[in-house]
Amino acid sequence: MTVGRSGAITSRLFAPERGPRPQRPYASGGEVPHTPLRPMWCCRADGQPWPCGQARLLLRVEYDGNLPGLSIYLAGLMYDAMRDLYHLNPHDTPEPTTLFTRFIAWTRRPA
């Protein structure tokens with residue numbers, strides 16, 4: 001149970017706020033950054049589903065030594081991607097497991 005905005009006690013949870021702004025990985029020089037083009041969630045630079053291979057490499061370098069931070073950052077973006085992709089086409093939205101694999105599963109430490 002939570003206290004609603006009106007002060008009444010309710011069993012409904014608040015809708016989460018928008019996730020982090022997808023500004024990473026940062027662009028280098030005058031190149032187009034490998035950031036997501038919303039609401040389709042494809043890479044601005046190469047048109048692949050984001051995070052593309054290059055974005056994954058750049059994010060790994062940027063978050064070197066902070067894989068939990070990278071996972072948290074990408075989890076927020078995954079939530080936004082789920083919402084955006086559902087609103088674009090509710091009948092052809094990727095499965096949650098597919099989006100989890102795309103956004104977060106690759107951030108695990110290699111065994």
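The model is predicted: local features need pLDDT of at least 70 and side-chain atom pairs pLDDT 80 or more, while totals for chains, interfaces and linings use all residues. Residues are numbered from 1 along each chain as its sequence is written, and side-chain values use heavy atoms, with hydrogens and water left out.

**Exercise 1.** Describe the surroundings of Arg-102.

*Solution.* 
Step 1. List the contacts (heavy atoms within 4.5 Å). Not counting residues up to four places away in sequence, Arg-102 touches Trp-41, Pro-49, Trp-50, Pro-51 and Arg-56.
Step 2. Examine charge. Arg-102 is buried and has no salt bridge (a side-chain nitrogen of Lys or Arg within 4 Å of a carboxyl oxygen of Asp or Glu). The nearest side chain of opposite charge, that of Asp-84, is 9.8 Å away.

**Exercise 2.** Determine which residues of α3 are buried and how they are arranged.

*Solution.* 
Step 1. Apply the cut-offs: buried is under 20% relative accessible area, exposed over 50%, and partly exposed in between, with a 1.4 Å probe and protein chains only.
Step 2. Leu-99, Arg-102 and Phe-103 are buried in α3. Because they span an arc of only 85° around the axis, they lie on the same side of α3; the arc is that of the directions from the helix axis to the C-beta atoms.
Step 3. The buried residues of α3 pack against α1 and α2.
Step 4. For contrast, take Thr-101, also in helix α3: its relative accessible area of 47% makes it partly exposed. Leaving aside neighbours within four places in sequence, Thr-101 is in contact with Arg-56 and Trp-106.

**Exercise 3.** Find how many aromatic pairs the whole structure holds, and characterise the pair of Tyr-63 and Tyr-73.

*Solution.* 
Step 1. The search finds four aromatic pairs (rings of Phe, Tyr and Trp, the last by its six-membered ring, with centres within 6.5 Å; planes under 30 degrees apart are stacked, over 60 edge-to-face, the rest tilted).
Step 2. Tyr-63 and Tyr-73 are stacked, at 5.9 Å centre to centre and 25° between the planes.
Step 3. Tyr-63 is buried at 10% relative accessible area, and Tyr-73 is buried at 7%.

Conventions. Lys, Arg positive; Asp, Glu negative; His and termini not counted. Helix = DSSP H or I, 4+ residues; strand = E, 2+ residues; numbered from the N terminus.
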